[in-house]
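My entries follow in the order I looked things up.

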Amino acid sequence: MAFQPNPGDQLIIQGITYRVGQHPAAPGLAYAQAGRQGLVYQLIPVDETRLEAKALKVFSFKFRNPALVYQSEQIAEYQEMQGLRVCSRMVLTPENHSELIHQFPELIYAVVMPWIHGSTWTDILISEESISRLESLELAKSMATIGSAMEQRGIAHSDLSASNVILPYFREERSLQEVFPIQWIDVEQLYSPKLHAPEFDLYGSPGYASAVSQGSRMWHAYVDRFAGAVLIAEMLGWSDPDVCAEVWGESYFGPEDMQQNCKRYNTLALSLEKHWGSNIATLFARAWESDDVRSCPTFGEWLIAIEAVEPQANGFFQEEVLELNKSIHDIDTKYTRKDSEGSLPVGLIGVELLEEARLLESQGEIGQALSLYKEAWRTSIPGTEEHAELEAAVFELTAASAPLLAISKTDTTRTTKTNKFAPLSSYFFQGNRYRTRIALFIVALFIVAGIWTFLSRMENSAKVLRVQQNQESIHKEVSSLHPSSVQVPQPVQPPVVVPVHDSKDEEAKAVAAKVAQEQEDKKKELAKQQELAKEQAAKKKADQEKVDRQTQYDRYLVWKQERDKQLAKEAQVAKATQDAQAAQAAKDAQAAKDAQAERKKQAERAAEKARQEKKEADAKRAKLLADQRSKGIVALNASYNQAYNALKTENNEVAKMYGEQFMDTYNKDASYYGKKSQLARRASAMRKYLASNRQGLPDI
């Protein structure tokens with residue numbers, strides 16, 4: 001019976017009942033994924049959770065290899081390594097699973113392994129939708145971690161590609177047990193010093209195979225380095241929408257792009273340099289320009305470079321900061337206690353504001369307390385002890401409340417999105433470690449803001465001081481002219497009305513008018529000098545331009561003379577080259593003619609030799625066939641006689657064995673043996689005997 005299961009069909013393997021899973025996107029069809037070597041079906045235990053689901057890999061005919069049993073035993077030791085869960089495998093063999101294989105012959109040497117729930121990296125690429133930088137960093141680091149551990153043990157996947165990389169529970173709620181962010185699948189061609197080389201040559205997958213290694217056998221300990229570098233670069237670049245827009249299809253690079261200076265490579269390289277630094281970009285360039293996979297960076301080098309990336313660098317937390325700032329604004333607008341006119345209730349001022357805020361804080365009303373602290377801080381006098389205390393309280397409460405609000409906001413949006421791209425916070429912002437990190441980051445932001453505010457106030461104070469000094473200088477200048485008769489208000493004091501006589505007032509006005517006139521005369525003189533300087537500069541510029549034009553023309557004349565000489569020389573060389581090429585062409589034509597004549601002679605000799613060899617071979621085959629047929633006649637007669645004698649002694653089993661032996665030999669060359677009348681009659685009698693198993697054999 002052909003193995004074409006439907007959803008819900010049950011299989012019993014090792015005493016456990018499994019049912020075939022239903023495809024989530026195609027109700028009524030079995031959950032199956034096609035691979036290069038066969039189909040993979042999802043098997044769900046009837047009495048266990050989905051996390052214990054299995055994958056049943058049914059190989060196509062030419063990949064059903066009994067050696068898979070030995071390979072599975074050897075790679076089982078790698079199942080505890082991060083990213084290699086599929087190395088926990090069981091092969092269905094005739095010895096251990098005869099009943100199941102008898103029912104479904106296609107399941108011979110099929111493999112049962114853990115089902116990895118999640119999207120492949122190919123799914124992410126095809127969506128053309130960018131991921132966050134935090135996700136890029138974790139995925140790239142996970143790829144490097146798996147590859148580094150495998151290189152240290154001298155093993156390699158041998159067919160790394162986007163379709164062979166799964167992201168378990170990507171952007172979904174994780175299980176209670178720790179799930180590594182990446183899993184590698186399709187490990188049938190895994191390289192290990194303990195394993196035998198595959199029967200089929202491996203050349204890598206399009207979009208990930210090195211161009212310079214095409215045509216060579218890709219099965220050794222270093223084979224993953226180039227494909228791994230491309231995958232890591234894709235993951236780091238996928239947080240940049242410009243990179244996503246250039247995707248080829250199931251891989252970022254097309255087959256024709258590999259190790260070429262193409263647009264996709266330049267876009268990705270520039271993105272790596274911009275967002276992740278020169279070390280990352282240099283490693284990718286080294287892999288892309290390598291002439292052998294052994295020259296590519298090791299996975300250990302990638303891991304060191306990725307771990308060295310500072311999260312705060314290059315605007316790494318830009319999106320997160322914007323979200324947290326919005327959360328802080330939401331706290332202000334939600335909990336601000338103001339009446340319809342925008343003012344606080346009467347009586348809540350000064351000390352009462354501070355006491356009310358402390359009471360709300362002790363009761364856990366952080367948002368309302370924060371609003372009152374802010375209002376009191378704005379109305380307090382800068383530089384006082386009260387102002388400093390209020391400022392510290394505002395910063396502390398804002399840092400404590402903003403991360404929690406940001407996380408709760410993302411939690412509420414989690415249920416509104418599909419599982420394919422659920423909110424980032426459901427994974428990356430869970431746990432105290434990330435909350436503490438973000439809280440510290442927010443505190444640092446407010447400290448920087450406080451310093452900036454302090455410096456701004458210092459600058460404003462300096463400006464006020466300079467204005468006061470200017471006013472004082474003017475006051476001193478006017479006072480020096482008429483120290484006893486003019487009263488000038490102090491710059492930092494309110495105006496004072498001083499009674500003066502009319503004559504002194506007129507004298508002060510005259511002095512002020514004189515000073516103003518002198519300043520106006522100075523301005524006119526300065527403007528006149530500036531105008532004269534402009535005229536002189538314009539004349540000098542015009543003279544210089546004239547000199548420059550003459551110099552440029554003289555240079556042109558010199559260049560033209562040199563150019564004419566060069567053209568004449570090049571024409572002479574070109575003529576000589578043309579003559580030499582014509583002579584060489586004639587020589588080559590004659591050589592080609594002679595070579596063609598020689599090839600014709602060689603072909604004739606080869607044809608004659610081939611005819612002779614064929615004649616001899618035909619003679620040998622005819623002689624060999626005659627010998628085989630003579631031996632066959634002897635064997636046929638012997639088998640028939642032995643079957644006949646066995647029937648005489650009533651040994652039917654022995655007679656049947658010799659009868660089947662007779663028919664096997666006869667059917668190998670029935671057209672020849674049928675021309676022998678005795679053998680033809682014996683064959684007819686033997687068929688009747690084997691068909692009925694009752695009547696005997698005639699003595700022919």
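Axes are lines fitted to C-alpha atoms, for helices over the stretch in contact, with angles from 0 to 180 degrees between N-to-C directions.

**Ground rules.** I am working on a predicted model, where local features need pLDDT of at least 70 and side-chain atom pairs count only at pLDDT 80 or more, while totals for chains, interfaces and linings use all residues. Residues are numbered from 1 along each chain as its sequence is written, and side-chain values use heavy atoms, with hydrogens and water left out.

**Overview.** I get 19 helices and ten strands for the protein chain. Helices (H or I, at least four residues) and strands (E, at least two) are DSSP runs, numbered from the N terminus. Of the 700 residues, 36% count as buried; buried is under 20% relative accessible area, exposed over 50%, partly exposed in between (1.4 Å probe, protein chains only). I also checked contacts, meaning heavy atoms within 4.5 Å. Among those with a separation of 6 or more, 64% link residues 24 or more positions apart.

**α4 with α5.** How do the axes of α4 and α5 cross? For α4 (residues 133–152) and α5 (residues 224–237), I find axes that come within 8 Å and cross at roughly 165°. The two helices are therefore roughly antiparallel. Their crossing is left-handed; that term applies if the near helix is turned anticlockwise from the far one by less than a right angle, and right-handed if clockwise. On the α4 side I listed S136, L137, L139, A140, M143, A144 and E151, which meet R225, L231, I232, M235 and L236 of α5. By class, this contact has nine nonpolar, one polar and two charged residues. For the classes, Ala, Val, Leu, Ile, Met, Phe, Trp, Tyr, Cys and Pro are nonpolar, Asp, Glu, Lys and Arg are charged, and the others, Gly among them, are polar.

**α4 with α9.** Next I looked at α4 against α9, whose axes come within 8 Å and cross at roughly 150°. This crossing is left-handed. The contact uses L137, A140, K141, M143, A144, T145, G147, S148 and E151 of α4, with F299, G300, W302, L303, I306 and E307 of α9. I count it by class as eight nonpolar, four polar and three charged residues.

**α8.** Which residues of α8 are buried? In this helix (residues 278–288) I marked I280, A281, L283, F284, A285, A287 and W288 as buried. The buried residues of α8 pack against α5, α7 (263–276) and α9 (299–307).

I turned to the strands, where pairing needs at least two bridges found by DSSP. β1 pairs with β2 (residues 16–20) in the antiparallel sense over four bridges, and I12 has T17 as its bridge partner in β2. Two residues lie between the strands of this hairpin, and Q14 takes a positive phi near 55°.

β4 (residues 38–45) is mostly covered, with seven of its eight residues buried. I followed its antiparallel partners one by one. Three bridges join β2 to β4, with V20 partnered by L43. Three bridges also join β3 (residues 32–34) to β4, where A34 stands opposite L39. β3 and β4 make a hairpin with three residues between them. Toward β5 (residues 54–59) I find six bridges from β4, and Y41 has L56 as its bridge partner.

**β8 to β10.** Here I have an open sheet of three strands in the order β8-β9-β10, with antiparallel pairing. Its edge strands, β8 (118–120) and β10 (183–184), each pair on one side only. β9 (residues 165–168) and β10 share two bridges, and V165 has W184 as its partner in β10.

**A680.** Last I looked up A680, found in α19 (residues 677–692). At 26% relative accessibility, A680 counts as partly exposed. Leaving aside neighbours within four places in sequence, A680 is in contact with Y666, Y673 and G674. A680 and Y666 are 14 residues apart in sequence and 9.3 Å apart in space, C-alpha to C-alpha.

Terms used: Parallel < 35°, antiparallel > 145°, perpendicular 65-115°, else oblique.
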